[in-house]
Amino acid sequence: MHCLVVYDISDDKLRTKVADILMDYGLDRIQYSAFAGKLARTHVEEMTLKVKRRVGKAEGAMVQVFSICEKDWNERVDIP
């Protein structure tokens, strides 16, 4: 399945660590605070747990993970 991760993290060090986790799972940065890629469901769950542990209850931190089915992913519109 395809996965989209977006985040808003004010702490530079924490933001870098979260980005590193996402890149370790092979996700591609599509915007400064957004990553996307194809992952198995188990990898999405594992990655989510790692990010949760890293972020903890950090003030000013928000991370959202969206799972997108193949059909919907293929219907997305990319505007150059």
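**Figure 1. Lys 38 and its salt bridge in the predicted model.** Lys 38 is exposed, with a relative accessible area of 54%. In this predicted model, Lys 38 forms a salt bridge with Glu 70, and the closest N and O atoms of the two residues are 3.4 Å apart. The pair links distant parts of the chain, since Lys 38 belongs to strand β3 and Glu 70 to helix α3 (residues 70-74), 32 residues apart. Glu 70 is partly exposed, its relative accessible area being 36%. In general, side chains of opposite charge can pair when their charged atoms come close.

**Figure 2. Further salt bridges, formed by Lys 71 with Glu 75 and by Arg 76 with Asp 78****.** The structure holds 4 salt bridges, two of which are shown in this view. The side chains of Lys 71 and Glu 75 meet at an N to O distance of 3.3 Å. Lys 71 counts as exposed, at 54% relative accessibility. In the second pair, Arg 76 and Asp 78 have their closest N and O atoms 3.7 Å apart. Asp 78 is exposed, with a relative accessible area of 59%, whereas Arg 76 is partly exposed, with a value of 41%.

**Figure 3. The hairpin of strands β2 and β3****.** Strand β2 (residues 28-31) pairs with strand β3 (residues 34-38) in the antiparallel sense, and 3 bridges connect the two. The hairpin that joins β2 to β3 runs through 2 residues. Gln 31 is located in strand β2 and stands opposite Ala 34 of β3. At 56% relative accessibility, Gln 31 counts as exposed. The C-alpha atom of Gln 31 is separated by 22 Å from that of Lys 71, a residue 40 positions away along the chain.

**Figure 4. The aromatic pair of Tyr 7 and Phe 35****.** A search of the whole structure finds 1 aromatic pair. The ring centres of Tyr 7 and Phe 35 are 6.2 Å apart and the ring planes lie at 25 degrees, so the pair is stacked. An angle under 30 degrees is the criterion for this class. Tyr 7 lies in strand β1 and Phe 35 in strand β3, so the pair ties together parts that are 28 residues apart in sequence. Both Tyr 7 and Phe 35 are buried.

**Figure 5. Helix α2 and its buried face****.** Helix α2 (residues 41-55) comprises 15 residues. From its first C-alpha to its last, α2 reaches 21 Å, close to the 21 Å expected at 1.5 Å a residue. The buried residues of α2 are Val 44, Met 47, Val 51 and Val 55. Seen down the axis of α2, these buried residues fall within an arc of 70 degrees, so they line one face of the helix. In general, an α-helix has 3.6 residues a turn, so residues three or four places apart point the same way.

**Figure 6. The surroundings of helix α2****.** The buried residues of α2 pack against β1 (2-9), α1 (12-24) and β4 (61-68). The face of α2 turned away from its buried side carries the exposed residues Thr 42, Lys 52 and Arg 53. Just after α2, Gly 56 adopts a positive phi of about 55 degrees.

Notes: Residues numbered from 1 in each chain as written. Predicted model: local features only at pLDDT ≥ 70, side-chain atom pairs only at ≥ 80, totals over all residues. Heavy atoms only, no water. Pairing = 2+ DSSP bridges. Helix = DSSP H or I, 4+ residues; strand = E, 2+ residues; numbered from the N terminus. Expected span 1.5 Å × (residues − 1). Buried < 20%, exposed > 50% of the residue type's maximum accessible area, 1.4 Å probe, protein only. Arc of directions from axis to C-beta. Contact = heavy atoms within 4.5 Å. Phe/Tyr/Trp six-rings, centres within 6.5 Å; stacked < 30°, edge-to-face > 60°.
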